[in-house]
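Have the model open in your viewer and follow along, one selection at a time. We begin with a pair of helices.

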Amino acid sequence: MRQGTPDFSPANLLIKTGQVARLLCVSSPTVRVLVTGQRLAVASRTPGGHALYRLQDVLALQNQLGASEPGDS
């Protein structure tokens, strides 16, 4: 990859708490509980202090939790 070219692989994509909540089919407070319980790591923070998570970590946790698609029973 050329220098200066962004790497958009899942290992490097960062997503917000609300996006994590939607992917895992949980609430935003539940995402924070997952962080507190060390099930999910905060990868970075915005200048305003908001947590950012690696998409790859969220997808791995989704597989562990067996999260279903919205509407599945």
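Select α1 and α3: their crossing is right-handed, meaning that the near helix is turned clockwise from the far one by less than a right angle. Helices here are DSSP runs (H or I, at least four residues), strands are E runs of at least two, and both are numbered from the N terminus. The two axes, lines fitted to C-alpha atoms over the stretch in contact, lie 10 Å apart at an angle of about 25 degrees. α1 and α3 are therefore roughly parallel, a label for angles under 35 degrees.

A note before going on: this is a predicted model, where local features need pLDDT of at least 70 and side-chain atom pairs 80 or more, while totals for chains, interfaces and linings use all residues. Residues are numbered from 1 along each chain, and side-chain values use heavy atoms, without hydrogens and water.

Now show side chains between the helices. Val20, Leu23 and Leu24 of α1 meet Leu55, Val58, Leu61 and Gln62 of α3, where contact means heavy atoms within 4.5 Å.

Next, the sheet. Its three strands run in the order β1-β3-β2 with antiparallel pairing; a pair needs at least two DSSP bridges. β1 (14-16) and β2 (44-45) are the edges, each with a single partner strand, so one side of each has no neighbour in the sheet. α1 packs on this sheet, touching β1 and β3, and its direction makes about 90 degrees with that of β1.

Which residues does Ala51 touch? Leaving out residues up to four places away in sequence, they are Ile15, Lys16, Thr17, Val42, Ser44 and Arg45.

Definitions and conventions. Axes fitted to C-alpha atoms, helices over the stretch in contact; angles between N-to-C directions. Parallel < 35°, antiparallel > 145°, perpendicular 65-115°, else oblique.
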